[in-house]
Amino acid sequence: MEIQLWRELLNPYELAVNELILKFRHFIKEHKENGLYSPIEQVTGRVKTISSILEKMQKKQIPFEELEEKIEDIAGIRIICQFVEDIYKVVELMNQRDDIEVKLVKDYLNNVKDSGYRSYHLIIYYNVQTIKGPKKIQVEIQIRTLAMDFWATVEHSLQYKYKHNMPEHIKDRLTSAAHAVQVLDNEMSSVRSEIMDAQNSFQIKANVVADILNNIQNLYKVANKREVSKIQDEFYKIYKTEDVEKLKRFNKQLDIISEGYRAQAITRESMYEIR
Ligand code: 0O2
């Protein structure tokens, strides 16, 4: 197949990967902005390289006409979670989305591969709009923890290096590392709620501080500078106490002050309109 045709074939897959990454990154952002814990920690994606597609076609004896149907991971999205529990949350989420149709599930958490590989895979259908009209394509979504991803990345590089001749002592090391990853994931799960609480309160504090600074910045434009300076000093004092509740109350007061200035501005504007 000519390069130009490969480009045409792969273009919708690239679009799907870009759209899905954007959507899942937005999901993380929305959670953070609302001070909520996000079950998704990171998202990446890729379109399979032509050489990797050719290799798979050869290995599985797939003819060109069946390429898009039989190679399910031309478009690949990887979702990284902090905890095993989050993986199942993400799966639930995928099942609820209107823009995703789950075709197939491969649960390598309950059915660990011989290599020691653990991950949860979904093959989904996803619609993209191309200049030739809508196109329904397959995307492989791999969902795994940070620890599982570390193991898989290292193992994948070694597989690539040794092809099918990985030395036994390295295989053994990888198997024992896979067990260690499982133990680590279990240990982390046992402190999940503590970690989530800590991360949530950190995010909530960060959001309140951002709101306060935004309010102060806006007040600088409309209020008396000395007054705003006093407000700023007051903020620093409260900030040092590390008391989030106090910060929240202070922010509410600032909202009321800002609202007052906004109301004044509106009254002034309407007076101009009357004249
Ligand atoms: P790449 O380079 O990541 O694209 P197959 O696709 O035929 O190999 P199957 O049944 O179609 O196998 O899919 P499977 O086994 O679910 O594998 C899909 C992808 O999961 C692989 O894609 C890998 O990315 C990953 N994976 C599966 N098994 C392992 C493993 O033992 N170790 C690691 N590190 N990753 C694994 P590709 O196309 O093989 O590779």
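Begin by selecting Gly116, Arg118, Met148, Trp151, Ala178 and Val181, which line the largest cavity (on a 1 Å grid over the protein atoms alone, a set of points where a 1.4 Å probe fits but cannot get out, lining residues having an atom within 4 Å of a point). The model is a predicted one, in which local features need pLDDT of at least 70 and side-chain atom pairs count only at pLDDT 80 or more, while totals for chains, interfaces and linings use all residues. Residues are numbered from 1 along each chain as its sequence is written, and side-chain values use heavy atoms, with hydrogens and water left out.

The space in this largest cavity comes to about 40 Å³, taken as the space filled by probe spheres set on grid points joined across faces, edges and corners.

Next, colour domain 1 (3-147) and domain 2 (195-274), as given by the domain assignment, which is automatic or from a database. Their C-alpha centres lie 42 Å apart.

Now turn to the interface, where 8 residues of domain 1 are in contact with 7 residues of domain 2 (heavy atoms within 4.5 Å). On the domain 1 side, the area buried with domain 2 being about 600 Å², the touching residues are 3 nonpolar, 3 polar and 2 charged.

Conventions
Buried area is the accessible area (1.4 Å probe) that two parts lose on being put together, summed over both. Ala, Val, Leu, Ile, Met, Phe, Trp, Tyr, Cys and Pro count as nonpolar, Asp, Glu, Lys and Arg as charged, and the others, Gly among them, as polar. On a 1 Å grid over the protein atoms alone, a cavity is a set of points where a 1.4 Å probe fits but cannot get out, and a pocket is an open set with protein on both sides within 12 Å along at least five of seven lines; lining residues have an atom within 4 Å of a point.
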